[in-house]
Structures are given as structure tokens and as C-alpha cells.
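Subject: Handing over a structure, with notes

Dear colleague,

I am passing on the structure that follows, together with a set of notes to read beside it. Please keep the sequence and the coordinates open as you go through them.

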Amino acid sequence: MKGFSLLELLVVVAIIGIISAVGIVSYNGYIANVKNKQAQTGLQSIYLEQEEYKSINKQYYRPSGGCGDQTDTINNGLFGGKVTLDNTDFRFCITGNQSSYSARATNKINSSYWFQITNNNQKRDQNNNKW
């Protein structure tokens, strides 16, 4: 008798399914970490650009309006039109006054998940953990 039995084929399919499931979970975790790092890098860019803006204008940049999705406004006003911040997964906003500010990147799918940076370069997340 040549060939594979049905049981052998089912075992192979089950093994492939298990390996695929582990791979997909790992891949999704990797993608989430990349998105988080992208948001943190965006906030660090805001911090650096705010320091330059203050050295020239003697005050921090503040977009008008509330803390909605200010990503395009920040790209145009603070970064001079360069698309520095990407709002695909996180929305960015800046609040504060002439002498202090807080910039936040909020996850677009789960708004209770966010990162924040201040004019003192203090970096916190929604659980008050440093990043």
C-alpha cells in the first residue's frame, strides 16, 4: 500500500494549524509594538521641534482648538508642512500654554490607550508608566 492514510494527513494539517496560530499571534504582537514605537517617536519629534520653536519664538507652539486629531495641524504648523507625524494608528494633539505643554498620541481604535510627553521630557503612558 502506497501513499498516506487519512489519519496521517489530518495530523499534518493539525500541526500546520498550530504552527500558523502561534505565528499569527507573534506577528500581531510585533506589529502592535512597531505601532507603539512609531507613536513614541512622533512624540519625541514633537518634543525636539517644540524646543527649537521655543528658542526662536520664546514660547511653545500651541494649535488652536481642543485636543482632537491635530496631526495635520501639527505637521503644518510645527514641522513646517513636512509630514512628520503619521495618524494612521494614533492621533496626536498638543495642549498647554506659552511656557508648558503636553503632547499626546492616542490610539485611534482604543482611546484609553495613549502615550504622552511634556515640555520637561517626561514620558508616560495610560498606566502612568515611563516609556
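Which residue in β2 does Ile-94 stand opposite? Ile-94 stands opposite Ala-103.

Before the rest, a word on how to read these notes. This is a predicted model, in which local features need pLDDT of at least 70 and side-chain atom pairs count only at pLDDT 80 or more, while totals for chains, interfaces and linings use all residues. Residues are numbered from 1 along each chain as its sequence is written, and side-chain values use heavy atoms, with hydrogens and water left out.

The strands

Helices (H or I, at least four residues) and strands (E, at least two) are taken as DSSP runs and numbered from the N terminus, and two strands are said to pair if DSSP finds at least two bridges between them. On that basis β1 (90–96) and β2 (101–107) run antiparallel and are joined by seven bridges, forming a hairpin with four residues between them. The strand β2 also runs antiparallel to β3, with five bridges joining the two, and Ala-105 stands opposite Phe-115 in β3. These two strands, β2 and β3, form a hairpin as well, with six residues between them. Buried here means under 20% relative accessible area, exposed means over 50%, and partly exposed lies in between, with a 1.4 Å probe and protein chains only. Six of the seven residues of β2 are buried, so this strand is largely enclosed by the rest of the structure.

The core

A nonpolar core is a set of buried Ala, Val, Leu, Ile, Met, Phe, Trp, Tyr and Cys residues joined through side-chain atoms within 4.5 Å. The largest such core has 18 residues, and those with the most contacts inside it are Leu-43, Ile-46, Ile-74, Phe-92 and Ile-94. The elements that give two or more residues to this core are α1, β1, β2 and β3, and α1 gives the most, with four residues. As a general background, nonpolar side chains tend to be buried together in soluble globular proteins.

Contact means heavy atoms within 4.5 Å. Leaving aside neighbours within four places in sequence, Ile-74 is in contact with Ile-46, Tyr-61, Pro-63, Phe-79, Leu-85, Phe-92, Cys-93 and Ile-94. Gln-40, found in helix α1 (residues 6–57), is buried, with a relative accessible area of 10%, and touches Phe-115 and Trp-131, not counting residues up to four places away in sequence.

How many salt bridges does a search of the whole structure find? The search finds two, where a salt bridge is a side-chain nitrogen of Lys or Arg within 4 Å of a carboxyl oxygen of Asp or Glu. In one of them the side chains of Asp-89 and Lys-35 meet at 3.6 Å, N to O. Asp-89 lies in the loop between α2 and β1 and Lys-35 in helix α1, so the pair ties together parts that are 54 residues apart in sequence. A salt bridge is also formed by the side chains of Asp-69 and Lys-108, at 4.0 Å, N to O. Here Asp-69 lies in the loop between α1 and α2 and Lys-108 in the loop between β2 and β3, so this pair ties together parts that are 39 residues apart in sequence. Asp-69 is partly exposed, with a relative accessible area of 38%, and Lys-108 is partly exposed as well, at 41%.

Arg-62, in the loop between α1 and α2 (71–77), touches Gly-96, Asn-97 and Gln-98, not counting residues up to four places away in sequence. The C-alpha atoms of Arg-62 and Gln-98 are separated by 7.7 Å, although the two residues are 36 residues apart along the chain.

Two backbone details

Most residues other than glycine have a negative phi. Asn-121, in the loop between β3 (114–118) and β4 (123–125), has a positive phi near 60° and counts as partly exposed at 29% relative accessibility. Asn-128, found in the segment after β4, has a positive phi near 65° and counts as exposed at 54% relative accessibility.

With best wishes
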